[in-house]
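The report below treats a few local features of one model in turn. Please keep the sequence and the structure in view while reading.

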Amino acid sequence: MPSSRHRNTRDVLSARPLAIAADTPVISSAGGTEPNLIAALRDGGLPVGTDPREFRSEAEFATRVTEALSDGLRLSMEYPQPTSLYPDERSVKSAELVGYLNNKASISTFVDPRFQARRQIVTTNELAQAAPAEKSWVLKAATNAAHGASLDVYLHRAGDVVSLPAFTNILNEVVVEEYLNIHRNWGVQLYIAVDGQARLLAVTDQRIDADGVYTGGRFGLVVPLPADLLTECLAIAQRAADVGYRGMCSLDCAQTHDGRLVMLDLNFRITGGSIPLLALHTIRPDALDRPSESTKLTTSAPIAALLAALRPALLRGGLLVTGGHDTRRTDNPINQTTLHLIVFGDDPDDVTTRRAALEAMYDH
């Protein structure tokens, strides 16, 4: 896929680890190092990265990588980068491994068959026959290239007009997966440290919109994961560890209305569920067992204006900024600000009400 398109996606995502980076150097989009944003993160008590290596364009990104390698640093990538820029011997995990693990077509390699949804890999030329309009199905991108922000998932309900996503015009292969009537949807957050051992960080409930796109997580008071599904999640992460993966991962799984336990997606990277948990663990560990919900606000206004509008709510407490991005500080021609937040408290209904009110301010 065109690198420029994906840079716009990774550009935003690269800024989020700054909230919990502390002394670890981070190659980050300049959109995520806006001074008002950094101040808001620090005011919230987060160990904000002290060594952000900013980039504003594709060329500057390459320069920052080259500088880091010249400093003798090893790099840990969340999305695969070209080996010409980013040699495997200087990486914590190879680009090939990162791409393969995150490819929607690779799930059968790591998941026990009894937890797999029915799916098939087809060419885009075969798509009309494999995914007819009269049936419900889920379409996913099958690529080792960088992807994110739910750009690679499309949900179709029987009888609706088929409006294929842009990735079908670019890729040669896609995954057609059965449509599931989901009762519960979990995000299992794990990490694999340098010792190669997979460990559980937390289990979250996932909020999904009508189009099947992730809109945030619920933390704290989460319906427990069935024991055999949790065991499989740890086993999946360990299988990835055994082939060389190190870092955060989030496994999306579900229980259907008829009781099936199914693994939906493997996300071997920092995700929307990782940063909120690490942030709460750092500043409010007591809140990890209480209700909290993450959300994302998007607006065309500058990030300073958005933070100013949120200042009264931030001062009242129960609200934490965990990341953000303003494209005005990059070469992206579209003015867009994104702000990531956690709403927390003692009453789950109050948390949900406050989160929904924030989203309603910006027609989220």
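Which residues are exposed on the other side of α2? Pro-35 and Asp-43 are exposed there, where exposed means over 50% relative accessible area, buried under 20% and partly exposed in between, for a 1.4 Å probe and protein chains only. This is a predicted model, in which local features need pLDDT of at least 70 and side-chain atom pairs count only at pLDDT 80 or more, while totals for chains, interfaces and linings use all residues. Residues are numbered from 1 along each chain as its sequence is written, and side-chain values use heavy atoms, with hydrogens and water left out.

**Helix α2 and its cover**

Helix α2 spans residues 35-43, and its buried residues are Leu-37, Ile-38, Ala-40 and Leu-41. These lie on the same side of α2 because they cover an arc of only 160 degrees around the axis, the arc being that of the directions from the helix axis to the C-beta atoms. Helices (H or I, at least four residues) and strands (E, at least two) are DSSP runs, numbered from the N terminus. The cover over the buried residues of α2 includes α9 (303-316), β13 (319-326) and β14 (337-344), with contact meaning heavy atoms within 4.5 Å. In the pairing with α9, Asn-36, Leu-37 and Ala-40 of α2 meet Ile-303, Ala-304 and Leu-307; the residues of this contact divide into five nonpolar, one polar and no charged. Just after α2, Gly-45 takes a positive phi of about 95 degrees.

**Strand β12**

Six of the eight residues of strand β12 (residues 292-299) are buried, so that the strand is mostly covered. β12 pairs with β14 in the antiparallel sense over eight bridges, where two strands pair if DSSP finds at least two bridges between them. Within this pairing, Thr-295 stands opposite Leu-341 in β14.

Leaving aside residues up to four places away in sequence, Leu-139 touches a set of residues including Leu-127, Tyr-154, Phe-167 and Val-175. The C-alpha atoms of Leu-139 and His-156, 17 residues apart along the chain, are separated by 7.8 Å. Asn-267, with neighbours within four places in sequence left out, is in contact with residues including Asn-102, Lys-104 and Cys-249.

Conventions. Ala, Val, Leu, Ile, Met, Phe, Trp, Tyr, Cys and Pro count as nonpolar, Asp, Glu, Lys and Arg as charged, and the others, Gly among them, as polar.
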